[in-house]
Structures are given as structure tokens and as C-alpha cells.
Amino acid sequence: MTTGPGAPPEAIVRAEGLTKTHHGDRAPVHAVRGVDLTVRRGEFVAVTGPSGAGKSTLLHLVGGLERPDAGRLWIDGERVDGHGEARWAVLRRRSVGIVFQFFNLVSHLTVADNVELPALLAGATPRAARASRAELLAELGLHGRENALPGALSGGEQQRVALARALVNQPALLLADEPAGSLDSKGTRDVLRLLARFHARGQTILMVTHDARMASAADRVISFFDGRVADDAVLGDPAPARPGVSGVLDLKD
Ligand SMILES: Nc1ncnc2c1ncn2[C@@H]1O[C@H](COP(=O)(O)OP(=O)(O)OP(=O)(O)O)[C@@H](O)[C@H]1O
Ligand SMILES: [Mg+2]
């Protein structure tokens, strides 16, 4: 992948001045107000903040589910803010997995088919898609639910199926909006374990969460408030693995 101007080579996400205003029936809502953000390849970043702060909107912009009104965005060095839906679809199939806050499983497909579909669309053989699906569902405690339809699952089960689906193509970047929001503590542990394994393989996670335990599993916690980055903190001892960490801290405003 080529590296565009303004995008450091190690940045998997780079946003400059990202802005989004929602125009509903009420007054315009300035959900994301000029956000600068760099996420390095391999980082595990949690985004926290109050309800309505703009966290989901930010994630939607980074995943191409909503288009910014202003600002620039690079994914893996590729300038993407001008991409249309077709190019975004290719990017999401190849390298960006998304788990939504409100899971969006295909209701008439079984659990197994929901998880295998993105793999098949990306060109995996049916055998490989089945194997990845079986492994992910087992890790998420969903073994035996393969033939169920989403409507027959609990909210927490649906959420784990959505996570399995987002991970089946081993995306370089996972965008996860409250991936354990409906889960009990065992479900949350399963999700955390899977995310940790994903992260240990060098994949990058940008995760919105209200859960302090989820956030503490991350390397870095961004506090989002009123459409802006209010704080950006690297957890633990960042020194050995992250020589360029000062670049992170300049995001504070
Ligand atoms: N499609 C939309 N149309 C109009 N307003 C919207 C739309 N989506 C979000 N908003 C508004 O934008 C603001 C930010 O919403 P967003 O969903 O990004 O917040 P959030 O931080 O994810 O909140 P939560 O923690 O409750 O999920 C809110 O005021 C919300 O009502
Ligand atoms: Mg949200």
C-alpha cells in the first residue's frame, strides 16, 4: 500500500480535522468537531466518553459508514475521505472489520452463514471459511449455535456473532463499538480474550467502550467529549515498544 503525504508509514488510521454534523429534524448536531487522530499499526485504542459525545459517529467516519463534511482521512496510508461506497466496501472486505453498537446480523441467515459470508465474499474457500467460523464461534462460547437464526439468540449472543463476523477475514484494523455492551461478565471476558489474541497477532483495534475493564485492556485510552478528543493517554509503560510515542501526545487539545 502506498503512503500518502501527511500519513506516517506506521499509521493505520490518520485523521485530520475530521468533522461531521448531523442534520435531523431538530437543530444540527455537531457530532465530530475537527478531530485529529493517529492510530499506529498494532495499537489497541479504547475510546470512552459520555453518551452523545460522538464516539459512534467517529467510528462510522473511520469505517466509511458515514462521510465527513470536512477533514482528511487515511487508512493504511491510502487517502480515503473521497472514496465512494464501492471503494469503501472493498476496503472493509479486505482490511477493516466493524462491529456495530447495534449488531446488524442478517436475520434470515444462520449464525454460521452470517460469520462465513464475509470470508466467502473475500474469496476464501468454503472449507477455509467453515474452519475460521468454527474456531471463532468456539472461542466466543457459541459452539452449538451455528444453525440458529439471529432472532433466536440473546443480545449478548448476537453481539458475539457480530464480533466473529468482523474478525473472520483477519482485518488489519478492527473498529468495535461497545463490543461487549450487552454481555455478562463471562461474555465480556470471552470478548476481551479474543481481542487480546487479535491484538497480540499485531492487528489494530479501535474500540468504543463504557466499560472500565475493557478500556484497561487497551494500550491507549482516548476520552471523547462533545465531538472532540479531550484526553489521550498511553497506559502502562510505553517506552520499549513505542519510540515515536510523542506523536500520540500532540493529539491533546
Ligand atoms: N443519524 C443521525 N441523525 C441525527 N443526529 C444524530 C445521528 N447520529 C447521531 N446523532 C447525534 O449526534 C450526537 C453524537 O451521537 P453518537 O451516536 O456519535 O454518540 P455516542 O458517543 O456514540 O453516544 P452513545 O454512548 O450513547 O452511543 C448525538 O447528539 C446524537 O443524537
Ligand atoms: Mg454510540
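Twelve nonpolar, four polar and three charged residues make up the lining of the largest pocket. This is a predicted model, and the pocket has a volume of about 460 Å³.

**The largest pocket**

- The lining counts 19 residues, and R92, R93, V96, P118 and R165 are the closest of them to the pocket centre.
- Four elements can be named as giving two or more residues to this lining: α2 (85–94), β6 (96–99), α3 (111–121) and α5.
- Which element gives the most to the lining of the largest pocket? That is α3, with four residues.

**Helix α5 against helix α6**

- Helix α5 spans residues 155–167 and helix α6 spans residues 185–200; their axes come within 11 Å and cross at roughly 10°.
- Because angles under 35 degrees count as roughly parallel, α5 is roughly parallel to α6.
- On the α5 side, the contact is made by R160, L163 and L167. The α6 side brings D190, V191, L194, L195 and F198.
- By residue type, the contact of α5 with α6 has six nonpolar residues, no polar ones and two charged ones.

**Helix α4 against helix α6**

- Helix α4 (residues 126–139) also meets α6: the two axes come within 9 Å and cross at roughly 130°.
- From α4, the residues in the contact are E135, L136 and E139, while α6 contributes D190, R193, L194 and R197.
- Here the make-up is two nonpolar, no polar and five charged residues.

- Strands β9 (residues 220–225) and β10 (residues 228–234) run antiparallel and are joined by six bridges.
- One pairing to look up is that of S223, whose bridge partner in β10 is D231.
- How many residues lie between β9 and β10 in their hairpin? There are two, and D226 in the turn has a positive phi of about 50°.
- As a reminder for viewing any such element, side chains in a regular strand alternate between the two faces of the sheet.

Terms used:
Residues are numbered from 1 along each chain as its sequence is written. Chains are lettered from A and ligands numbered from 1 in the order in which they are written. This is a predicted model: local features need pLDDT of at least 70, side-chain atom pairs count only at pLDDT 80 or more; totals for chains, interfaces and linings use all residues. Side-chain values use heavy atoms; hydrogens and water are left out. Axes are lines fitted to C-alpha atoms, for helices over the stretch in contact, and angles run from 0 to 180 degrees between N-to-C directions. Angles under 35 degrees count as roughly parallel, over 145 as roughly antiparallel, 65 to 115 as roughly perpendicular and the rest as oblique. Contact means heavy atoms within 4.5 Å. Ala, Val, Leu, Ile, Met, Phe, Trp, Tyr, Cys and Pro count as nonpolar, Asp, Glu, Lys and Arg as charged, and the others, Gly among them, as polar. On a 1 Å grid over the protein atoms alone, a cavity is a set of points where a 1.4 Å probe fits but cannot get out, and a pocket is an open set with protein on both sides within 12 Å along at least five of seven lines; lining residues have an atom within 4 Å of a point. Grid points are joined across faces, edges and corners, and a volume is the space filled by probe spheres set on the points. Two strands pair if DSSP finds at least two bridges between them.
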